[in-house]
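Subject: Structure handover

Hi there,

Here is the structure I promised to pass on, with the sequence alongside. Please open it next to this email, and my notes will follow below.

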Amino acid sequence: MLADDLGITARAPEELIAAVAADTRRTVLVLPELHSAYAPVDIVEHLLLPLLTVPHVRMMVESRSGAPCTDVLLDSVAFRAELDLADPRWTDRGGFGRWAASAAPAAADTGQAAEARDTADTRVAADTADRYPSPGRVLGWLPSAPVGPSLPSFDVDALITADPHHVTAWLEEAERAGEFIGELGRAWLSAGQSLCRPQDPASRALVLLASLGDVTPVPRPRPVNTDPWGAAVRARLAEAASSRPWRVVWSRTRDDNGPGWPGPVAALSPGTAQHTGRVLLTGHMGDVRIYDPEDWRPRARLSTVQPRHLTAVFGLPDGTVAALDEWGQIHVAGEIAPSVGGGGGLRGLIDASTDEWRPLREAVLAFPGEVPGRARLTAACAVPGGVVFGDERGRVHTVVRQAPDSDPDPAPSSAKPLQRLTQPLHEGPVTALASVRIATNSPSDAESDWASEGPTLVYSGGMDGRVRLWGLGADPLGTPVHARPHSVSALAASTGGGSRSSAVVAVAWADGLVVHESLGTDAGDHSGLRQFRPGPPVRALCCTGHCLVIGTDEMIAALATARIPRSEPHLSILL
């Protein structure tokens, strides 16, 4: 709940503490009735005390005097301001007595008084003295110990309909006790923050299905009837989620025993040239892998000369794959694509002029050292004929070899000069970029996104939470297309499924929300906004037609858009 209030994605105390520490803005946390929480001492020791070590965090805690959690908190905090509501300086004993005299008869009439009063005048005085300064004790509210979490049964229907906070607490308690919670339980804990949000069982089933994965894990010993997993569980989740505007195509998780799990995902991008129709992925290993989006089977693995943590991956027009690292440097993954059109072989090695894309490659690789103001590059994406970069100062830089969208110049493309353009678009660093080229001709005339003629749209997202839209070579729109009070964590765009005259764009924010928007007027287009929260922090997105690939540290899944029922209005407010 704290993570939701702060607008961050965190499923464990360590993740919440790290996220709060990374954001240096002053943060004030207000925690009422700590003593009434489940396992309040654990909350103090594992969450509150570590948070208090963060310099910019302040905390206001309400807790009952004498409660163990109160004693632990006060004994562990050296610098504090303590307000004891039982201190006569902060209470009016006479006013409390007069209120108690008027409130006690009403409490007796409703059966809330702790004991019957034989003589009202004498008993009220005694009750006031004994129960001062607690209004609850006057009204007969007796403290009760928190009840431990419990579930009626451990199956799909029980999980998606029960109180999600009880389910999460029950699973965490079982895991601490060393009990086997199975892949269904682990999937719930992985997506716990999303599942605990107010939503209907169908939405909860969709999140759980995506987090569960669809590859059978390695069998392991388990008690009978405590781990209902396998095809039947997935089929029941899919049936329960059938009313939602999404369908899980495939999902890979840490627990999968298959080749499709690539490890934590850092960046995704559509391939270009010979990699068109496939997805480029980079992760924690510092390499780039190429996958088929239909079944998520690996097709190739490309290494960089100096393995580093990569933050973006993109393809150049000739098919060369490049990646951006956390320091703002660009690396070629694998080998440079061979030139086409008669420039390959021995001639290409001897005469560099026959490699028509060499000037662009060299310009792109050298660009980190030429950024105005020596700013660090933070985002990148491919566009027809070049690359778009974002930097830590909120600027977007375009490096293309030809005119942005149409060029009547019949001169060879290798002879065309490089064009560069810089525009300030965001307050703070640019965190994500995506582009899509809209076809103006017949869909049958276009072989790929890069081949069709038409305007190229570029989306940029920043730490300011805004998504800006602009045409390549044109000025951006005056107002953002999306704006939320959370940093944009990923962007993706593509032509819309079977039509190249429409487009889809997906945005992910730091609080875990993913929004998928269909743009276009085709009769078969399922226009509207769709939302999804996978649970873990979203690191990367990639649109492939009507499918959206979502990458996180613990799972990667493809969701296909489904027709929104007519009775369900399109979402117009981003929550």
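The salt-bridge count comes to 19. Please keep in mind that this is a predicted model. Side chains of opposite charge can pair when their charged atoms come close.

One of the bridges is between Glu183 and Arg234, whose closest N and O atoms are 3.2 Å apart. This pair links distant parts of the chain, with Glu183 in helix H10 (residues 182-190) and Arg234 in helix H13 (residues 231-240), 51 residues apart. Glu183 counts as buried because its relative accessible area is 4%, and Arg234 is buried too, at 11%.

Another bridge brings the side chains of Asp553 and Arg539 together, at 2.9 Å from N to O. Asp553 sits in the loop between strand E24 (547-552) and strand E25 (555-561), while Arg539 belongs to strand E23 (residues 538-544), so this bridge ties together parts that are 14 residues apart in sequence. Here both partners are partly exposed: Asp553 has a relative accessible area of 23% and Arg539 one of 37%. There is also a network, in which salt bridges that share partners join Asp157, Arg236 and Glu239.

Arg80 and Glu82 also meet in a salt bridge, at 3.5 Å from N to O. Arg80 is partly exposed, at 44% relative accessibility, whereas Glu82 has a relative accessible area of 52% and so counts as exposed.

Now to the aromatic residues. Searching the whole structure gives four aromatic pairs. Phe314 and Phe389 make an edge-to-face pair, with 6.1 Å between the centres and 85° between the planes. Since Phe314 is in strand E8 (residues 310-315) and Phe389 in strand E12 (residues 386-391), the pair ties together parts that are 75 residues apart in sequence.

Phe367 comes from the loop between helix H15 (358-366) and strand E11 (377-383), and it is 22 residues from Phe389 in strand E12. Phe367 is buried as well, with a relative accessible area of 4%.

Elsewhere, Trp250, Tyr291 and Trp296 form one aromatic cluster. Two arginines lie over tryptophan faces: Arg401 over Trp357, at 3.3 Å from the ring centre, and Arg484 over Trp509, at 5.0 Å from the ring centre.

What about the cysteines? The search of the whole structure finds zero disulfides. Cys542 is buried, its relative accessible area being 1%. Cys196 is buried too, with a relative accessible area of 17%.

A few loop residues may be worth a look while you have the model open. Glu33, in the loop between strand E1 (27-31) and helix H3 (40-52), has a phi near 50°, a positive value in a residue other than glycine. Glu33 is partly exposed, with a relative accessible area of 47%. Arg374, in the loop between H15 and E11, also has a positive phi, near 55°, and is not a glycine either. With a relative accessible area of 63%, Arg374 counts as exposed. Asp163 lies in the loop between helix H8 (156-161) and helix H9 (164-176), and is partly exposed at 36% relative accessibility. Its C-alpha atom is 9.9 Å from that of Leu195, which is 32 residues away along the chain.

Last, the surface. Val28, Val30 and Met60 make a nonpolar surface patch of about 310 Å². Met60 is part of strand E2 (residues 57-61), and its 55% relative accessibility makes it count as exposed.

Happy to talk any of this through.

Best wishes

Terms used. Residues numbered from 1 in each chain as written. Predicted model: local features only at pLDDT ≥ 70, side-chain atom pairs only at ≥ 80, totals over all residues. Heavy atoms only, no water. Patch = residues over 30% accessible without salt bridge, like charges linked within 9 Å, V, L, I, M, F, W, Y side chains within 5 Å. Areas by Shrake-Rupley, 256 points an atom, 1.4 Å probe, with all protein chains shown as cover. Salt bridge = Lys/Arg side-chain N within 4 Å of Asp/Glu carboxyl O. Helix = DSSP H or I, 4+ residues; strand = E, 2+ residues; numbered from the N terminus. Buried < 20%, exposed > 50% of the residue type's maximum accessible area, 1.4 Å probe, protein only. Phe/Tyr/Trp six-rings, centres within 6.5 Å; stacked < 30°, edge-to-face > 60°. Lys NZ or Arg CZ within 6 Å of the ring centre and 35° of its normal. Disulfide = S-S within 2.5 Å.
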